[in-house]
Amino acid sequence: MDRIILVINTGSSSIKFSIFSVSNKLSLVYHGEIENIFTTPQFTVLDAHHVQLLKRTLSSKGHESALHQLLDWLKHLPDSFNITAVGHRVVHGGNYFFEPTLITAQVIEKLASLNPLAPLHQPHNLAVIKIIRALYPQLPQVACFDTTFHRSQDRLETLFAIPKQLTNEGIIRYGFHGISYEYITSRLPDYIGEKASEKIVIAHLGQGASMCAINNKKSIATSMGFTALDGLMMGTRFGSIDPGVILYLLQEKKFSIEQVTTLLYHDSGLLGVSGISSDVRELQASIDP
């Protein structure tokens with residue numbers, strides 16, 4: 001029986017996964033994703049050579065259903081696999097976690113306290129962790145954090161111009177997409193050689209989008225801050241905006257906190273400006289100017 005590690009990236013609208021064999025120096029066996037999980041979930045699996053093995057539309061929606069479909073597919077593979085551990089991309093480590101961390105009940109509790117800082121991701125990250133924990137209570141799970149890569153930044157780069165008491169309470173710029181930036185940085189020497197150690201700007205573009213300035217393979221500045229709302233326009237998030245707009249909506253337009261939250265996280269970005277979709281593929285196919 002081949003021992004494997006399952007790696008899961010639970011996003012705001014998808015679950016991406018990879019399966020690595022432990023027996024052969026962490027060689028990739030399968031990878032794929034379940035995307036559009038709240039609209040028309042599509043389950044795709046490829047082998048290590050990127051050959052498509054499966055593509056089907058799922059009847060049920062949501063992260064929990066998507067995870068169960070993935071685990072069920074894994075259970076019924078003709079190959080005999082034994083899951084040794086599960087690795088998770090977790091968006092926010094806050095001021096608690098600065099390196100890959102073995103997940104315990106206490107770790108889950110601390111991560112849940114960060115849900116308001118990444119509401120599109122953190123609750124889903126934790127939901128998947130809890131489901132696997134319930135199904136396989138003895139299975140080790142490890143969290144790797146999007147915020148870790150940016151810990152190399154100068155402290156001044158992380159500060160807002162706010163009273164020190166609030167800064168000391170953890171209201172700072174954390175930065176996100178760090179796992180993506182760390183991977184890209186590790187691969188750059190294969191493409192540009194020694195220039196990979198020079199000053200470079202990397203763009204992470206998807207439903208969530210950000211940019212990061214790299215120097216000597218370390219993060220020195222990034223467009224996202226305290227939450228994953230700041231910076232570039234995204235699929236449904238607005239990116240940078242004058243905070244006075246938020247005050248105006250609250251004071252003059254009488255928006256509730258819930259209405260503002262929905263606007264900021266779900267109704268803006270590409271979806272907001274197009275009025276059609278947050279999916280670039282749908283926008284490119286549209287004839288609407």
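Trainee: What makes a stretch of residues a helix in this predicted model?

Mentor: A helix is a DSSP run of H or I with at least four residues. Residues 63–75 form helix α1, and D72 lies in that helix.

Trainee: Why is D72 called partly exposed?

Mentor: Its relative accessibility is 36%. Buried means under 20% and exposed means over 50%, with partly exposed in between. D72 has 36%, so D72 counts as partly exposed.

Trainee: How far is the C-alpha atom of D72 from that of A213?

Mentor: The two C-alpha atoms are separated by 41 Å. Along the chain, D72 and A213 are 141 residues apart.

Trainee: Now take S21. Is S21 buried or exposed, and how do you know?

Mentor: S21 has a relative accessible area of 5%. The cut-off for buried is under 20%, so S21 is buried. S21 sits in strand β2, residues 14–21.

Trainee: Which residues does S21 touch, beyond its neighbours within four places in sequence?

Mentor: S21 is in contact with D2, R3 and I4, and also with L26, S27 and V29.

Trainee: What makes β2 and β3 a pair?

Mentor: Two strands pair if DSSP finds at least two bridges between them. Eight bridges join β2 to β3, residues 27–35, so the two strands pair. They run antiparallel. Across the pair, S18 stands opposite H31 in β3. Five residues lie between the strands of this hairpin, where K25 takes a positive phi near 50 degrees.

Trainee: How do you know that β3 also pairs with β4?

Mentor: Six bridges join β3 to β4, residues 42–47. At least two are needed, so β3 and β4 pair. These strands too run antiparallel. The bridge partner of E35 is Q42 in β4. The hairpin of β3 and β4 has six residues between the strands, and N36 takes a positive phi near 50 degrees.

Trainee: What about the second largest pocket: how much space lies in it, and which residues lie nearest its centre?

Mentor: The space is about 760 Å³. T227, L229, F238, P243 and I246 lie nearest the centre, among 22 lining residues. Helix α7 gives the most to the lining, five residues.

Definitions and conventions
Residues numbered from 1 in each chain as written. Predicted model: local features only at pLDDT ≥ 70, side-chain atom pairs only at ≥ 80, totals over all residues. Heavy atoms only, no water. Buried < 20%, exposed > 50% of the residue type's maximum accessible area, 1.4 Å probe, protein only. Contact = heavy atoms within 4.5 Å. 1 Å grid on protein atoms, 1.4 Å probe; cavity = no way out; pocket = protein on both sides within 12 Å on 5 of 7 lines; lining within 4 Å. Points joined across faces, edges and corners; volume = space filled by probe spheres on them.
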